[in-house]
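Subject: Structure for your review

Dear colleague,

Please find the structure below, with its sequence.

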Amino acid sequence: MNKFKSILPGMLFALAMSANAQQADRKSYIVQLADAPAAGYTGQVRGYAATKPAAGSKLKVSAANVQAYVGYLANRQSSVLATVASAPVTYRYTVAFNGFAARLTAAEVAKLKANSNVVSVTVDEPRTLDTSRTPAFVGVSASGGLWSNGIKGEDVIIGVVDGGITPENPSFSHKVDAQGRPVASHLPGTVVYGPAPAAWSGACAAGPGFPATACNTKLLGARKYDAGFLNSGLVKQPVEFDSPRDVDGHGSHTSSTAGGNAGVSAVMNGLPVGSISGIAPRARIAAYKVCWLYVGSDLATCFPSDSIAAIDQAVADGVDVINFSISGTRTNFLDGVEVAFFFASDAGVFVAASAGNNGPGNTVAHMSPWLTTVAASTHDRLLVANAQLGNAAVYTGPSLQNTGLASAPLILATEAGAVGASPTAVRLCFAAEDNGGVAALDPVKIAGKIVVCDRGTNARTNKSLAVKAAGGVGMLLTNTTAAQTLNGDAHFVPTVHLASSARDAIYAYAAGGAGTASLGAGSQASGVVAPVMADFSSRGPNLANSSILKPDITAPGVDVLAAYSPDAANAGDIANGIYPAPAFDIISGTSMSSPHVAGMGALMRQAHRTWSPAAIKSALMTTSTGVKLANGAVDTDRFGYGAGHANPNAAVNPGLVYDAGTPDYLAFLCGQGLLNPSGATCQAFGFISPWNLNLASLTSDVLGRQTMYRTVRNVSGASATYSGSVAVPGFTATVTPSTLTLAAGAEGSFAVALQRTTAPFGAWSFGDLVWTDGVKSVRSPVTARSLALSAPAAVEDTRASGTKSFSVATGYAGSMKATPKGLVAATRTVGTVVTDELKCDASFSVPAGTQRVRVALFDSDTTGKGADDLDLEVYRGNTLVGSSGGATAEELVNLVNPVPGTYTVCVVGFAPKNGSSTYTLSSWVVSPQSVATGSFRVAAPTQVATGGVGSVAMLWSVPAGQRYFGTVQYTDGAAANLGSTTVYVDTVSPVILQAASSSKAMLKAQAKALQ
Amino acid sequence: MGSRNSFRSVALGVTVAFGFVAAPHASAVTLGFETGVPALIAPPSDTYLESGFAVSMDTGFGVIDTDVTCLFGQCPAGNPTTFLSALNDGSVTLRHSKNYEFAISGFDAGFFAPYYIGLPDVESGQVMVTGVKSSGAKVFASFNLGSTDAFGVFNFNTYALRSSFTGLRSVSFTACVATDFGCESGTDEVLNLSQFSVDNIRVAVVPEPGTVVLMGLGLVGLMLARRAPRR
């Protein structure tokens, strides 16, 4: 028998907070039930055979055992639903997720939460879409690359859960023309794809703009899910199609990036911009539309209840890979979408998901270990061209065109203004839409000429649109300051973008209108520094559990050229076989990087039919390459890119893999206290610490010392001896054993021990563990943080009176003190905001010594009751210090140790229902002057030991019906501040909302970047 | 706690049995920590009162709540009610609020771990009970708090004390932690780890000799008074 003390590891505590449960209106919730879904069912129910597919095979939904078990699940669901009989049910899920989505009252939520068959009840909080040369940049199209070895995703099916697809784009066609180039599937051509892979059992759901003939042996199937969206009360924009047809462009973009055909000629703004290809160009595609454009927003919205239905169906349809470029939870491993991916992974489906576009802050989403979370970085496409003036002077700058332009008369825009146009509008080449509907340039002066336009104010591409509209044939776009960037935009006429240093000479030469100029064809520039992390890419550490590294990997996600949706499509024309011309666009986001990795997953699946999703992820991670800073130096911040930049050519033969599967993930969840510890699952699979989950990344807090355990498998096909080495700055690091001799297919285990030497408390150190056989290098990121104190960051409860007890771990010996502050009741401010308005009439003072500020909006505190999309921005003076841009009015901004001053809160009317919303804003300031409501006490250990633990407990009693905020500050008994735990007591909401990512902030930043 | 819900019915059964035996000469009560809770008891001055008994902490501190208090699932399993947890090498002292002598016949307790253990057959430690009589004499008992079950969690157990635990002015409860060297408490190796939860402390006030005499006189008086009308 083990003695209690002897089994104590150097411990830290995962701070997974369970959100607990009150509200009159019905809201949409996702309810997870206890039985395994069909994709993960292993035969525990008497009379029902297992349905989980074996490794390398897929779930057959039509099989008798699956049908029987699905029937069993349906009965069990019905008995749970009978307890909330009046609740409207949106979806039932049985394949990758067992449960349902329904509109519930607070009382029904409480009833379901008390039902032992119910695992979780979570709010259906809508999510947003996150937004060539990249096959060459990642190496697959290079000589000797995977494509040249026949690894192009042959017979692999990529499911894309997104905003639908434009079936007429040649990227998604099964045919080529006489020159062998992909041609739209409704046009004549030669079929170059065989029948659908045997595992495929999906369907083509026809609808407006999407005839049944739109699917083919390349685009195998397409479906749409909008019940969750419709439940929300939002109204689709008139341009939306009630079918899988993509209107937004995002779904076509991600689909073509992952698995679009190779050699598709792309045209933007009427000009050819080269050819594009997906990463796995021979893969088949299945589109699942869950994102919809709605009245009052330019940003499509995607409800988790719809996404879960799509994931459920994709697994049933037989996809091998899923791409999910949609925002997601940052904190909840049991979020419905994450759980659906858990079972998709269990069924052998490799899942790539976007890390989020809320960077460079610590905002990484989709943080579950069973999926591959992708950050976004730059690639090296930079097409430049020469502009040669009639005086032989040559200037070079970005130019996204490959045709060039013969010599033509050159004119300054300042000398070509329309009568009555303002000089500024003329100099900046305002298009009619920038100038009150009136063109600023004079067609008589401009026709047939190359025009010199200054940068500034309007979108850069609108300047070339103005030139084109006035009959101009080309543009020289001149910067006006040295600080301005140079951009390879898709212009409407051939354009070269020039630095401000060239401007004076060009103006001097062109003045008077007697000059000429010619443009060379754009060609790839040399010496481009890449990959560099995109500023917008959401960074780690993992907010749900800091011992699971996220993001996992990075891939190109900046200025990615891929298929898009045409500006206008007409269902009637399409029904008659008349499709709009295929469209393409260059966009940025982790939405664009995720499908690169999904495509790589398809290549890996073709090469290794029986590998688990975890093995594929491990291979991609351990063979990844370095990331740079803009100045060319090495970027050492792992929280930007995880293991590194994906390198699929090496990943296909990684030598060793770190494998993991459902038993490991369940033990991980049990170890987090997220599953019932006395339940059958935790009994069967046990408990493991998060730092011991068998991932290809090793990540942990260290209270003095820490040991992490891993197992690798030799997948090289031959016996091999690997030697290991590990180094982490600030720690003595050892790997034991340091040599592993493994037969083909054999596994070996080892331990990595870290002992703190000089690592500063509280800072993360980034190191590497490398196993090498002399040829291959299997590199894992080792990420460690030395701590003086490990305490939960936040404690939440819905009771008006209660206690919370938790352990803190300590990395020092001596005395300890815990000081409570609060609980402070919310200050409530009523206001009304209309569409696109920034309402800034709430302000508060932050005195010196303030520890925390929290500002929140709740759906239940707005007139739209969940149908309003309001956002929050918090300013100190004119400085934006925090913002929250979720898809409804559930918004939260937290400020830690804020600078003293006067703060203003602005409520943004992003899309209030019916154009206006009256809201009540909640804010809390926890400062030395805060007036507490009720009582709040804390007790803590008086003495602590290095590597030891102690218990902290708090007691509060407050009047019900309000929300309260406070902190517990830990010190060493003297001055040293060791950290704090925030305390949030919400006696109003049935379920405490968890922050999710959204792309709004990036969209705003992008709108600014286009100028 | 589904499968172990029998805990409470067992406890009630014991209480009833004890109450029946003890009834002739004392008022037996079970201290269930169910009133005026949740509560936090910190030394030196916090006191929890129930049925005339006062509970305070000499070291560490105490928390009274259901297992909802446990953020990391540290609470011993098998008790759906509120109970007292003595944390950070905590020592619990029980007195009668009027300083009456009392007897203690048993209690329920479980080991309070710092986090989920997740391994079966992990030995926890002991709970030690020290009674102090009016004379200053002490009685002592210790009990194993048990090992983790097949689910890797510690459970509440029921303990009975010898009949010598009577005539007491105070009773204290402390714990120690199983190590390779025995059962230790308070050393650097195990600092703050000696923690336990306690519930359903079965006590009875022992009437003072003077009280017995007065009660006897009262009974005689009552009998006489009831006879009087018949005359």
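A salt bridge is a side-chain nitrogen of Lys or Arg within 4 Å of a carboxyl oxygen of Asp or Glu. The side chains of A:E747 and A:R713 meet this rule, with N and O 3.7 Å apart. Please keep in mind throughout that the model is predicted.

Salt bridges

Side chains of opposite charge can pair when their charged atoms come close. Over all chains, the structure holds 36 salt bridges. The bridge between A:E747 and A:R713 links distant parts of the chain: A:E747 belongs to strand β37 (residues 747-756) of chain A and A:R713 to strand β33 (residues 705-714) of chain A, 34 residues apart. A:E747 has a relative accessible area of 51% and is therefore exposed, since exposed means over 50%.

A second bridge joins A:D768 to A:R779, where the closest N and O atoms are 3.8 Å apart. Because A:D768 lies in strand β38 (residues 764-772) of chain A and A:R779 in strand β39 (residues 777-786) of chain A, this pair ties together parts that are 11 residues apart in sequence. Both ends are partly exposed: A:D768 has a relative accessible area of 23%, and A:R779 has one of 36%. Elsewhere, salt bridges with shared partners join A:K224, A:D226, A:K236 and A:D242 into one network.

A:D346, with a relative accessible area of 9%, is buried, as the limit for buried is under 20%.

Aromatic rings

Over all chains, the count of aromatic pairs comes to 30. In one of them, the ring centres of A:Y41 and A:Y69 are 3.7 Å apart and the planes are at 5 degrees, so the pair is stacked. A:Y41 is in the loop between β2 (27-33) and α1 (64-81) of chain A, while A:Y69 is in helix α1 of chain A, 28 residues apart. Both A:Y41 and A:Y69 are buried.

The pair of A:F324 and A:F341 is edge-to-face, because the ring centres are 5.2 Å apart and the planes are at 75 degrees. Here strand β17 (residues 321-324) of chain A holds A:F324, and helix α7 (residues 336-346) of chain A holds A:F341, 17 residues apart. A:F324 and A:F341 are both buried.

Ring pairs also link A:F333, A:F342, A:F343, A:W370, A:Y665 and A:F668 into a cluster. Charges sit over rings too: the charged end of A:R756 is over the ring of A:F761, 4.3 Å from its centre, and that of A:R963 is over the ring of A:F858, 3.4 Å from its centre.

Chain B and confidence

Chain B has two helices and 13 strands. Of its 231 residues, 52% count as buried. The chain exposes about 10100 Å², of which carbon and sulfur atoms supply 60%.

The average pLDDT of chain B is 82, and 78% of the residues score at least 70. Over residues 1-25 of chain B, however, the pLDDT is below 50. Where pLDDT is low, the predicted coordinates should not be read in detail. For the complex, the predictor gives an ipTM of 0.82 and a pTM of 0.74.

Yours sincerely

Terms used:
Residues numbered from 1 in each chain as written. Chains lettered and ligands numbered in written order. Predicted model: local features only at pLDDT ≥ 70, side-chain atom pairs only at ≥ 80, totals over all residues. Heavy atoms only, no water. pLDDT = per-residue confidence, 0-100. Contact = heavy atoms within 4.5 Å. Helix = DSSP H or I, 4+ residues; strand = E, 2+ residues; numbered from the N terminus. Buried < 20%, exposed > 50% of the residue type's maximum accessible area, 1.4 Å probe, protein only. Areas by Shrake-Rupley, 256 points an atom, 1.4 Å probe, with all protein chains shown as cover. Phe/Tyr/Trp six-rings, centres within 6.5 Å; stacked < 30°, edge-to-face > 60°. Lys NZ or Arg CZ within 6 Å of the ring centre and 35° of its normal.
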